[in-house]
Amino acid sequence: MAGAQAFRRSLHLFVDRTLSPEAQSRRLAQRARQERDALIADGRASPSYRWWVDGREGVPEELVQPANGGRIVYRFNSLGAVTAFALAFLIERSPPRSSAPINPRTGKTAHYRDGFYVGVGGKFIPAATFNPSAVPPGAEIVIGNTQPYSRKVDVQLVGMEPLMFTVPAGLFDDAAKAVNAQYGDFVKAKRVYSMSFPGQYQLRQEQFRKGRSRKREGKPVESPALIITSRR
């Protein structure tokens, strides 16, 4: 998973008042673009961004008015960085991997930490292939786990009976709190009770007819998820 980060930075510049107003605007615009491009080249900011010049979105930077306290504001797309943070939190907070097979009879060794997926604008991919720089601005992010027992890991209850895991309950709630605490200026994160996704496990129902029984697929198993959306 590629690394990324989200941040807020302010840069105050002073221009030569002996220059003409037009020259002052050009000088400030040039410096602003230099700083923007340096942040992108260093990997500290996304190449996807919006900008405002004295409160007007998308106009040329040269229209800034330094004499009136002019401002050039770049807002970089932070969704990819926030999603990477949320994934890292969820994986670290999940039950650890074990070398013992989950099913000794079959030798199956799938583990919860390997089951996370990311939905970006309705398209679902395994977390291992997620690329933060490919997240478009304004996309809705969904993070969940494909394992059919994901809800048990999250709430650690079956009915009123408690379950024992090596980590505390409340996995997705804790992830939402961590994202909001770290990046609440940029995004909103919340846990949802259940999320549908491709390949979701279907509960099996046993039906009886004329003394016979057979199993049929029923409704999808409940699977909690984390949803992240931009504040703007």
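## A tour of the predicted chain

Begin by selecting helix α1, residues 21-41, which lies across β1 and β3 and runs at about 20 degrees to β3. Helices (H or I, at least four residues) and strands (E, at least two) are DSSP runs, numbered from the N terminus, while angles run from 0 to 180 degrees between N-to-C directions, with axes as lines fitted to C-alpha atoms, for helices over the stretch in contact. This is a predicted model, in which local features need pLDDT of at least 70 and side-chain atom pairs count only at pLDDT 80 or more, whereas totals for chains, interfaces and linings use all residues. Residues are numbered from 1 along each chain as its sequence is written, and side-chain values use heavy atoms, with hydrogens and water left out.

Next, select β1, β2 and β3, which form an open sheet of 3 strands in the order β2-β1-β3, with antiparallel pairing. Strands β2 (56-57) and β3 (72-76) are the edges, each pairing on one side only; two strands pair if DSSP finds at least two bridges between them. Strand β1, residues 49-53, is joined to β3 by 5 antiparallel bridges, and if you pick Trp52, you will find its bridge partner in β3 to be Val73.

Now move to the loop between β1 and β2 and select Asp54, which has a positive phi of about 50 degrees although it is not a glycine. Most residues other than glycine have a negative phi. Asp54 is partly exposed, with a relative accessible area of 33%, where buried means under 20%, exposed over 50%, and partly exposed in between (1.4 Å probe, protein chains only).

**Two packed helices**

Select helix α2 (residues 79-93) together with helix α4 (residues 171-183), which pack at an angle of about 140 degrees, with their axes 10 Å apart. On the α2 side the contact (heavy atoms within 4.5 Å) includes Val82, Phe85 and Phe89, and on the α4 side the residues include Phe172, Ala175 and Val179. The residues of this contact divide into 11 nonpolar, 1 polar and 2 charged; here Ala, Val, Leu, Ile, Met, Phe, Trp, Tyr, Cys and Pro count as nonpolar, Asp, Glu, Lys and Arg as charged, and the others, Gly among them, as polar.

Which residues touch the most other members of the largest nonpolar core? Of its 27 residues, they are Leu90, Phe116, Ile141, Ile143, Leu226 and Ile228. A nonpolar core is a set of buried Ala, Val, Leu, Ile, Met, Phe, Trp, Tyr and Cys residues joined through side-chain atoms within 4.5 Å. At least two residues of this core come from each of α2, β4 (116-120), β6, α4, β9 and β12. Apart from this core lies another, of 10 residues, among them Leu28, Ala32, Ala45 and Val59.

**A last stop**

Finally, select Gln156 in the loop between α3 (150-155) and β7 (157-158), where phi is positive, at about 55 degrees, although Gln156 is not a glycine. Is Gln156 buried or exposed? Gln156 is buried, with a relative accessible area of 9%.
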